[in-house]
Amino acid sequence: MSAFPVTRLRRLRRTAPLRDLVRETRLDLDQFVMPLFVGPDTQRNESLPALGRFSVADVVREAEELVRHGVKALILFGIPDAKDEEGSGAWVEDGVVQRTLHALRPRFPELLLLTDVCLCEYTSHGHCGVLRDDEVDNDATLELLVRTAVSHVEAGADAVCPSDMMDGRIGAIRAELPDTPIVAYSAKYASAFYGPFREAAESAPAFGDRRGYQMDPGNVREALRECELDLAEGADVLMVKPALPNLDVIRAVRDRFDAPLAAYNVSGEYAMVKDAARAGHLDERAAAVESLVAIKRAGADLVISYWTKELAGWL
Ligand SMILES: [Zn+2]
């Protein structure tokens with residue numbers, strides 16, 4: 001490369017059309033997934049609109065609106081009427097996610113319906129699996145996750161997304177669902193950025209925390225091992241969660257593996273920008289778009305983001 005003054009990189013930054021022409025990373029709504037919470041009743045969330053919840057009846061109207069905006073994919077999270085030790089609301093035929101799928105599937109044949117597969121919204125203790133003495137029992141949990149994933153597919157899910165971080169869950173689900181895409185929450189960190197989600201999904205653990213099964217934020221090689229195992233067990237898409245504190249992990253996974261890579265732009269990332277914008281510290285749209293571009297630039301193919309609905313209006 002010739003040096004200054006022959007080379008002047010500012011030449012291509014001068015006007016918006018020039019910048020558009022040479023932009024390396026773009027946001028495309030086709031690769032965004034909108035999280036949607038369904039529960040016994042509709043509850044608006046004034047400060048964090050995407051973290052509100054819908055009854056099964058109201059979720060149809062919300063899906064209609066999203067489709068009208070051009071959103072192509074949803075990921076469903078359920079808040080059951082009642083919780084128990086095992087989290088049976090996750091897999092029962094008339095569970096909240098199953099009823100939602102039955103309501104949405106025939107009405108929106110083109111809309112991609114992904115489901116989160118975990119037990120923490122459904123267990124009385126709020127942990128992602130069944131307990132044995134105060135610990136989550138990995139192997140006993142697998143069967144319940146499989147049951148949950150199968151019930152989602154029977155109700156019309158296009159893909160299942162196990163988020164529990166139990167060892168061996170991808171293989172266990174794959175054995176029962178040979179044809180269903182599995183989006184594996186492969187590198188899911190024990191993160192402080194899940195706070196607003198836990199409030200919305202009523203899934204905060206009643207005791208302890210999730211560091212016994214979710215990943216330690218200090219580790220990146222471990223993330224690669226998780227991804228390698230998930231692919232070996234039959235995962236179709238890998239995921240890194242949360243996205244913004246782990247852009248280096250997204251890049252490391254991208255460089256190592258060829259499988260499609262998802263990143264979850266989590267509730268805390270969304271809330272930080274919303275609250276800062278409300279306080280007048282920054283412009284929400286600009287900060288959100290910059291964050292999402294950074295996640296894509298780091299190497300994510302698809303992004304689960306609470307901004308998906310708003311992004312549809314911005315693009
Ligand atoms: Zn969970």
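Let's start with the sulfurs. A disulfide is a covalent bond between the sulfur atoms of two cysteines. In this predicted model, the disulfide count comes to 0. Take Cys161 as an example: the nearest cysteine sulfur belongs to Cys118, and it sits 12 Å away. A pair has to be within 2.5 Å to count as a disulfide, so Cys161 is in none.

Is Cys161 buried or exposed? Its relative accessibility is 0%, so Cys161 counts as buried.

## The zinc site

So what do some of the other cysteines do here? Three of them hold on to a metal: the SG atoms of Cys118, Cys120 and Cys128 coordinate the zinc ion, at 2.2 to 2.4 Å. If you look along the sequence, these donor residues follow the spacing C-x1-C-x7-C.

How about their surroundings? Cys128 has 0% relative accessibility, which means that it counts as buried. Cys118 and Cys120 are both buried too.

## The largest pocket

Now over to the largest pocket, which holds about 400 Å³ of space. It is lined by 20 residues, and the closest to its centre are Arg44, Pro49, Phe54, Glu62 and Lys309.

How values were computed. Residues numbered from 1 in each chain as written. Predicted model: local features only at pLDDT ≥ 70, side-chain atom pairs only at ≥ 80, totals over all residues. Heavy atoms only, no water. 1 Å grid on protein atoms, 1.4 Å probe; cavity = no way out; pocket = protein on both sides within 12 Å on 5 of 7 lines; lining within 4 Å. Points joined across faces, edges and corners; volume = space filled by probe spheres on them. Buried < 20%, exposed > 50% of the residue type's maximum accessible area, 1.4 Å probe, protein only. Donors = N, O, S within 2.8 Å, 3.2 Å for Na, K, Ca; no water.
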